[in-house]
Amino acid sequence: MAGNEPNARPRAPHLQVYKWGPHMAVSILHRASGDGLAIVGAGLFLWWLGAIAAGPEAYAAFVACIWHDPSPEISLFHQITNILGKIVLVGLTWAFFQHLFSGLRHFVLDTGAGYELKSNKLWSTVVIAAGVFATAATWLYIMAEAL
Amino acid sequence: MGDGTHLGKVRGLGSSGHGSQHWLQQRLTALGNILLVSFLFVSLIRLPLGDHAAVLRWASDPMVALALILMVVSVFWHLRLGLQVLIEDYVHGPMLLLALVLLNFYAIGGGAYGIFTIARIALAPVTAGPGGM
């Protein structure tokens, strides 16, 4: 099996020998954002669903843990998870947009288009920029709504 | 590595002949995800998420519950395929089998929990308690 064979076989050169470009960045970001969504995003979604089904008290406990604890004396644990929860939610928003835009790029690549060096570089850059922009726009909208 | 012989296939080496199926399923579930996760995303932005009664009313709407169940199927199918590739790239030797088994537990178990929970929410009897309906 791979990993156990003697080193006589030729090996693919790994990341450090290449000069980094946006196409490499968008590729690894597609994997990173996808894995983040698959593990953290799906897990949080199931937790949220379970809290909805479990009733108002459980749901309030869920919100107090990951978003805002309304009690006057907030425990140290909730102080930490309230901050952590917001970081995770912003991160998941970014992962959603990054994976969505990067996935759309892959649909275009699947047709055989967009492999020319210039257009590949351009669309890789656009995907990364759009992911950051859409995340910022979403959270500006949420904060504007909250005010 | 397997050389594609019958013995190699029996040992789980070489091509399994399912590569294009994996590729196609990843794309088709991706299309489902574009539609269904976008629906969830817009809903999350627009819902008063701190209000349990409002969220419950939304999630128990039959069309919403159906969309959520379809989303769970599409998402957990897609994430199983994606995480499989991740595991195959970084985990080697006997741990590979264990990792893939755990992945199936996660994908199938998580998906089943999600579908069952949505069904529970949608099919829960309406209680006419204080504040209910």
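Author: Before we start: two residues are in contact if their C-beta atoms, placed from the backbone, lie within 7 Å. Keep in mind that this is a predicted model.

Reader: Which element gives the largest share of the largest nonpolar core?

Author: That core has 35 residues, and Ala42(A) and Phe76(B) are among those that touch the most other members. Helices of both chains give two or more residues to this core, including H4 (62-90) of chain B and H1 (22-54) of chain A. The largest share is ten residues, and it comes from H1(A).

Reader: And where the chains meet, which helix supplies the largest share of the side of chain B that touches chain A?

Author: Here 24 residues of chain B are in contact with 22 residues of chain A. H2, H3, H4 and H5 of chain B each supply at least two residues of that side. By class, it has 15 nonpolar, eight polar and one charged residues. The largest share, seven residues, comes from H5(B).

Reader: Back to chain A: is Ala54(A) buried, exposed or partly exposed?

Author: Ala54(A) lies in helix H1 of chain A. Buried takes 20 or more other C-beta atoms within 10 Å, and exposed takes 12 or fewer. Ala54(A) has 16 of them within 10 Å, so it counts as partly exposed.

Key
Residues are numbered from 1 along each chain as its sequence is written. Chains are lettered from A and ligands numbered from 1 in the order in which they are written. This is a predicted model: local features need pLDDT of at least 70, side-chain atom pairs count only at pLDDT 80 or more; totals for chains, interfaces and linings use all residues. A nonpolar core is a set of buried Ala, Val, Leu, Ile, Met, Phe, Trp, Tyr and Cys residues joined through C-beta atoms within 7 Å. Helices (H or I, at least four residues) and strands (E, at least two) are DSSP runs, numbered from the N terminus. Ala, Val, Leu, Ile, Met, Phe, Trp, Tyr, Cys and Pro count as nonpolar, Asp, Glu, Lys and Arg as charged, and the others, Gly among them, as polar.
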